[in-house]
Amino acid sequence: MTAIDNTDQRPETIWSEHVSFMDRIPRTIAMGGLLVGFVALWQLIYAIGVVSPIILPGPWETGADIVFVGKNLLSGGYMLTALWITIKEVIFGFAIAITIGFLLGVLVGETTFGERAVLPYLVAIDTMPKVAFAPLFLAWLGFGIASKVALAAFIATFPIVVGTAAGLYVADENARMLFKTMGASRFQTLFKMKLPLGLPQIFTGLKIAAVGVMAGAITGEFLGGGKGFGELIRVASSQLNTPRVFSLIIFLSLLGLTLFWSVVWLEKKLVFWHKSSVSGGIGT
């Protein structure tokens with residue numbers, strides 16, 4: 001009699017991750033549904049009269065004003081001039097923040113002096129309320145575009161410092177020893193090994209800075225005058241023209257998203273070997 005082998009009759013267990021219904025919804029449908037739900041809730045609150053129309057206008061009034069602002073921008077009106085001023089403040093501030101932030105990040109990440117002596121001062125300055133520095137920039141640089149650029153760069157610099165310094169620590173000891181064994185100089189090790197490996201962390205700092213630089217430029221216009229979109233929002237707010245305030249804020253958010261997506265696009269081109277779980281899906 002032959003013994004029966006039951007080992008092959010055991011059911012195989014295949015592990016698979018459960019994907020919820022919410023996670024299976026396509027991105028465009030999810031975003032569109034969320035927008036429709038938000039507008040419907042907004043219209044309901046407006047129709048019931050929970051909030052005064054002066055404080056919270058209806059979505060249709062806001063939509064009509066968005067169309068008006070868009071036409072003014074396309075026709076080359078005064079709003080386009082104001083938007084161009086804000087764009088220059090943001091671009092110049094971001095460029096200055098990248099330059100200063102990268103240099104300070106290398107100083108902190110590459111030298112003991114930078115880590116022990118410079119970093120504590122940078123952290124102390126970053127913990128201070130940035131808006132409190134606006135009067136100083138106005139006193140030093142005047143009411144022109146320079147003070148807004150300075151405040152925008154001031155707010156956006158620290159995330160780049162942290163991202164750059166963190167990126168320089170990514171390389172493990174084996175990689176450093178390999179470059180040292182091959183006779184690479186400190187400069188070669190920095191630019192051929194540490195910086196390429198640290199690009200994901202550096203771009204994380206750049207994406208945070210891209211959001212902060214917008215806040216810095218608009219805050220500077222609120223507190224120090226100017227001729228950009230922030231000044232238009234201040235004037236509309238003083239006139240209780242809340243639909244105009246909402247529409248201008250929406251166009252400013254589009255400007256901020258454009259800057260953020262530009263950084264994401266550049267990250268995908270330069271760091272194609274690294275998958276970003278935070279922003280990688282935004283631009284796709």
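The model is predicted, with local features needing pLDDT of at least 70 and side-chain atom pairs counting only at pLDDT 80 or more, while totals for chains, interfaces and linings use all residues. Residues are numbered from 1 along each chain as its sequence is written, and side-chain values use heavy atoms, leaving out hydrogens and water.

**Helix H4 with its partners**

- The axes of H4 (residues 78–110) and H5 (residues 112–127) come within 6 Å and cross at roughly 125 degrees; helices are DSSP runs of H or I with at least four residues, numbered from the N terminus.
- Axes here are lines fitted to C-alpha atoms over the stretch in contact, and angles run from 0 to 180 degrees between N-to-C directions.
- H4 and H5 are therefore oblique to each other, oblique being what is left once angles under 35 degrees (roughly parallel), over 145 (roughly antiparallel) and 65 to 115 (roughly perpendicular) are taken out.
- On the H4 side, Leu104, Leu107, Val108 and Glu110 meet residues of H5 including Val118, Leu119 and Leu122, where contact means heavy atoms within 4.5 Å.
- H4 also packs with H10, at an angle of about 125 degrees with axes 7 Å apart.
- Tyr78, Met79, Ala82, Leu83 and Thr86 of H4 make this contact with Phe229, Gly230 and Leu232 of H10.

**Helix H9 with H10**

- H9 (residues 186–224) and H10 (residues 229–238) pack at about 50 degrees, their axes 8 Å apart, and that makes H9 oblique to H10.
- In H9, Ile218, Glu221 and Phe222 meet Phe229, Gly230, Glu231, Ile233 and Arg234 in H10.

**Pockets**

- The largest pocket has a volume of about 230 Å³, the volume being the space filled by probe spheres set on grid points joined across faces, edges and corners.
- A pocket is an open set of points on a 1 Å grid over the protein atoms alone, where a 1.4 Å probe fits, with protein on both sides within 12 Å along at least five of seven lines; lining residues have an atom within 4 Å of a point.
- Of the 14 residues lining the largest pocket, Ile125, Ala153, Phe154, Thr157 and Phe158 lie nearest its centre.
- H7 (145–168) is among the helices that each supply at least two residues of that lining, and the largest share, seven residues, comes from H7.
- The second largest pocket holds about 190 Å³ of space and is lined by Trp42, Phe246, Ile249, Ile250, Ser253, Leu254 and Leu257.
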